[in-house]
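For each label, set the value against the definition before drawing a conclusion.

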Amino acid sequence: MMNEEGEKVDLYVPRKCSATNRLIPAQDHASVQINVGHVDASGLYTGEFTTFALSGYVRSQGESDAAMNRLSVKAGLSKNI
């Protein structure tokens with residue numbers, strides 16, 4: 001919800017899993033949010049990052065490593081693995 005100035009005033013904005021596009025409920029204490037930093041050609045951090053959220057379901061199935069690889073390739077952060 002937004003107020004008259006166009007600012008968000010919601011108390012809770014749910015996240016979506018980057019791998020499955022499912023909503024991550026507040027009760028999912030196994031979910032994680034990971035910021036992957038961008039580096040330049042010499043390997044120095046540029047100050048930018050890409051955020052990935054993984055639900056507890058993906059982590060419990062043991063698919064988080066494969067999901068992170070797939071998401072990083074799709075975002076252009078790594079080569080095809």
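The questions and answers below take the residues by topic.

Q: What kind of model is this, and how are its residues numbered?
A: This is a predicted model, in which local features need pLDDT of at least 70 and side-chain atom pairs count only at pLDDT 80 or more, while totals for chains, interfaces and linings use all residues. Residues are numbered from 1 along each chain as its sequence is written, and side-chain values use heavy atoms, with hydrogens and water left out.

Q: Why is Y45 called exposed?
A: Residues are called buried under 20% relative accessible area, exposed over 50%, and partly exposed in between, with a 1.4 Å probe and protein chains only. Y45 has a relative accessible area of 52%, and is therefore exposed. Y45 is found in strand β4, residues 45–54, where a strand is a DSSP run of E with at least two residues, a helix is a run of H or I with at least four, and both are numbered from the N terminus.

Q: Why is G47 called partly exposed?
A: The relative accessible area of G47 is 45%, so G47 is partly exposed. G47 also lies in strand β4, and its C-alpha is 7.2 Å from that of G37, ten residues apart in sequence.

Q: Which residues make up the largest nonpolar core?
A: The core consists of nine residues, C17, I24, F52, A53, L54, V58, A67, M68 and L71. β4 and α2 (64–74) each supply at least two residues of this core. The term stands for a set of buried Ala, Val, Leu, Ile, Met, Phe, Trp, Tyr and Cys residues joined through side-chain atoms within 4.5 Å. In soluble globular proteins, nonpolar side chains tend to be buried together.

Q: Is S31 buried or exposed, and how do you know?
A: S31 has a relative accessible area of 15%, and is therefore buried. S31 lies in the loop between β2 and β3 (32–39). Leaving out residues up to four places away in sequence, S31 touches R15, I24, L54, S55 and G56, where contact means heavy atoms within 4.5 Å.

Q: What makes the pairing of S31 with R15 a polar contact?
A: A polar contact is a pair of N or O atoms within 3.5 Å; within protein, one must be able to donate a hydrogen and the other to accept it, and residues adjacent in sequence count only if both atoms are side-chain atoms. The side chains of S31 and R15 make such a contact at 3.1 Å. A polar atom of the S31 side chain also lies 3.0 Å from the backbone oxygen of D28.

Q: Which side chain makes a polar contact with the side chain of T50?
A: The partner is the side chain of H38, at 2.6 Å. T50 has its place in strand β4, and the C-alpha atoms of T50 and V36, 14 residues apart along the chain, are separated by 5.2 Å.
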